[in-house]
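Dear colleague,

Here is the structure I promised to pass on to you.

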Amino acid sequence: MSEAKRVITPNRNDGRVTTRLVAMAAVAALGGFLFGYDSAIINGTVDAVREQFGLGSGLLGFTVSCALLGAALGAWYAGVCSQRFGRIRTMLVASALLSISALGCGFAFGVWDLIWWRFVGGIGVGFASVIAPAYIAEIAPSKARGRLATLQQLSLVSGIFLAFLLSAMIAWLAGGAAQSAWLGLEAWRWMFLTLLVPALVYGILASRLPESPRYLVEKGDDEGARKVLIDVVGMEAGEATENKIAEIKATVNVERRQRFADLFGGKFGFKTLVWIGILLSVFQQLVGINVIFYYSTTMWRSVGFQESDSFMISVITSVTNIVATIVAISLVDVVGRKLLLLVGSAMMTLSLGTMAVAFAQAVTVNGELSLPGSWGMIALVAANLFVVGFGASWGPVVWVLLGEMFPNNIRALALGLGAAAQWIANFVVSTTFPTLAEAGLQLAYGIYAGFALLSFLFVWRLVRETNGRQLEHMTL
């Protein structure tokens with residue numbers, strides 16, 4: 001019997017979770033940390049950047065969200081880069097781009113200069129956001145793939161938390177984000193510069209990781225793949241490992257590179273599964289989660305909270321996100337992906353609807369908006385319930401699905417396309433929020449609640465469960 005036709009038992013053990021494997025997944029997940037850190041660090045700088053460069057709502061929104069256009073570009077080319085040059089080299093590119101961006105943003109001399117370096121950093125974030133779930137999915141045993149893949153989201157929300165915490169500390173020490181701090185640089189510049197440290201650490205640690213066995217097989221390095229499967233994934237030498245290599249060969253393009261044309265073939269252009277991946281990514285953003293992380297400090301100030309209180313609320317929200325993600329890690333391989341998404345959609349619909357009602361009660365006091373009575377606390381509780389609903393479901397589970405749901409022969413490109421769509425949707429939401437907020441926060445959150453409801457219907461009708469299935473058994 002030839003290798004390509006070797007019979008594989010679907011339920012056989014395809015590896016075990018070891019300390020080394022968890023450590024490798026954690027290093028890859030640092031890409032998620034940088035993803036979260038870079039996305040959230042802008043939060044504490046928004047008002048200071050607006051003041052320093054005299055920005056209106058439109059240009060301020062673009063300054064915040066321009067990195068998302070870079071991330072969309074980076075996400076797409078990460079799929080291409082990881083398929084042609086390997087997963088590890090793609091991580092190193094992400095590290096380099098984010099390091100350069102940290103320096104450029106910290107020393108920006110004008111708004112367009114800042115926008116450019118934000119865009120460069122966005123490309124790095126796009127690379128990191130794609131390669132982490134792809135690499136983790138490809139080294140993880142099927143029975144633990146959800147938990148290991150969710151490490152990316154835990155790293156992401158930890159990055160958000162640390163960004164909020166450091167922003168609050170720097171602003172407190174300097175007396176405000178716009179105030180001069182060390183070496184004559186304003187506090188907001190130091191917020192950007194702090195990204196340099198984790199970016200460099202990520203690059204150093206990633207350079208020590210072994211390559212993905214799927215990539216090695218695709219490039220004809222069976223011996224290298226065999227070594228990774230045995231030494232890292234924990235498979236037994238002999239028939240089990242040889243079967244796995246044969247199985248991978250049967251599901252990847254050994255003779256040629258993946259091509260963008262491979263994603264087409266469905267009724268509406270792309271194959272149906274590719275569209276599902278794209279829509280998962282888009283719905284993850286259209287519920288407005290990143291408004292909380294990009295604009296929360298500004299948002300809470302706009303309804304009567306002081307700057308110091310707003311920073312602290314952002315920190316509390318990020319801690320809530322971490323706790324919710326830990327819940328997701330404990331459940332994703334137990335109850336499955338689909339049920340978590342459905343419960344999350346329901347929670348987000350209710351909490352976002354409550355926020356819309358709360359912000360509709362805003363009144364003007366001495367020329368400034370304020371939430372009267374208990375409405376401020378209701379809005380704050382609803383916002384954190386929204387974060388819990390998202391953090392325990394759509395935040396981590398979408399990335400788990402994107403990393404595992406596609407067949408091997410299109411995974412890299414399909415994941416890149418799905419992630420690019422996610423960043424474009426993120427850009428649309430983030431760019432339009434300042435304008436929507438001026439029209440009324442109740443309008444913004446009412447729209448996000450509507451998309452949360454649509455996400456429930458989408459998952460219920462179209463998303464398939466992937467829990468426990470091996471990557472080689474994913475089909476269109």
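The notes below cover a pair of helices and then the aromatic rings.

Please keep in mind throughout that this is a predicted model. In it, helix α3 (residues 57–85) and helix α5 (residues 111–139) approach each other until their axes come within 6 Å, and they cross at roughly 35 degrees. The crossing of α3 and α5 is right-handed, and the residues of their contact divide into 22 nonpolar, 7 polar and 1 charged.

As for the aromatic rings, a search of the whole structure gives 13 aromatic pairs. One of them joins F35 and W399 in an edge-to-face arrangement, with 5.9 Å from centre to centre and 80 degrees between the planes. This pair links distant parts of the chain, since F35 belongs to helix α1 (residues 19–41) and W399 to helix α16 (residues 375–404), 364 residues apart. F35 counts as buried because its relative accessible area is 7%, and W399 is likewise buried, at 2% relative accessibility.

Another aromatic pair, W116 with F119, is stacked, with 6.0 Å centre to centre and 25 degrees between the planes. These two residues lie 3 residues apart in helix α5, so about one helical turn separates W116 from F119. W116 is partly exposed, with a relative accessible area of 47%, and F119 is partly exposed as well, with a relative accessible area of 23%.

Finally, to return to F35 and W399, ring pairs link these two residues and W423 into a cluster.

How values were computed
Residues are numbered from 1 along each chain as its sequence is written. This is a predicted model: local features need pLDDT of at least 70, side-chain atom pairs count only at pLDDT 80 or more; totals for chains, interfaces and linings use all residues. Side-chain values use heavy atoms; hydrogens and water are left out. Axes are lines fitted to C-alpha atoms, for helices over the stretch in contact, and angles run from 0 to 180 degrees between N-to-C directions. Helices (H or I, at least four residues) and strands (E, at least two) are DSSP runs, numbered from the N terminus. A crossing is left-handed if the near helix is turned anticlockwise from the far one by less than a right angle, and right-handed if clockwise. Ala, Val, Leu, Ile, Met, Phe, Trp, Tyr, Cys and Pro count as nonpolar, Asp, Glu, Lys and Arg as charged, and the others, Gly among them, as polar. Rings of Phe, Tyr and Trp (its six-membered ring) pair if their centres lie within 6.5 Å; planes under 30 degrees apart count as stacked, over 60 as edge-to-face and the rest as tilted. Buried means under 20% relative accessible area, exposed over 50%, partly exposed in between (1.4 Å probe, protein chains only).
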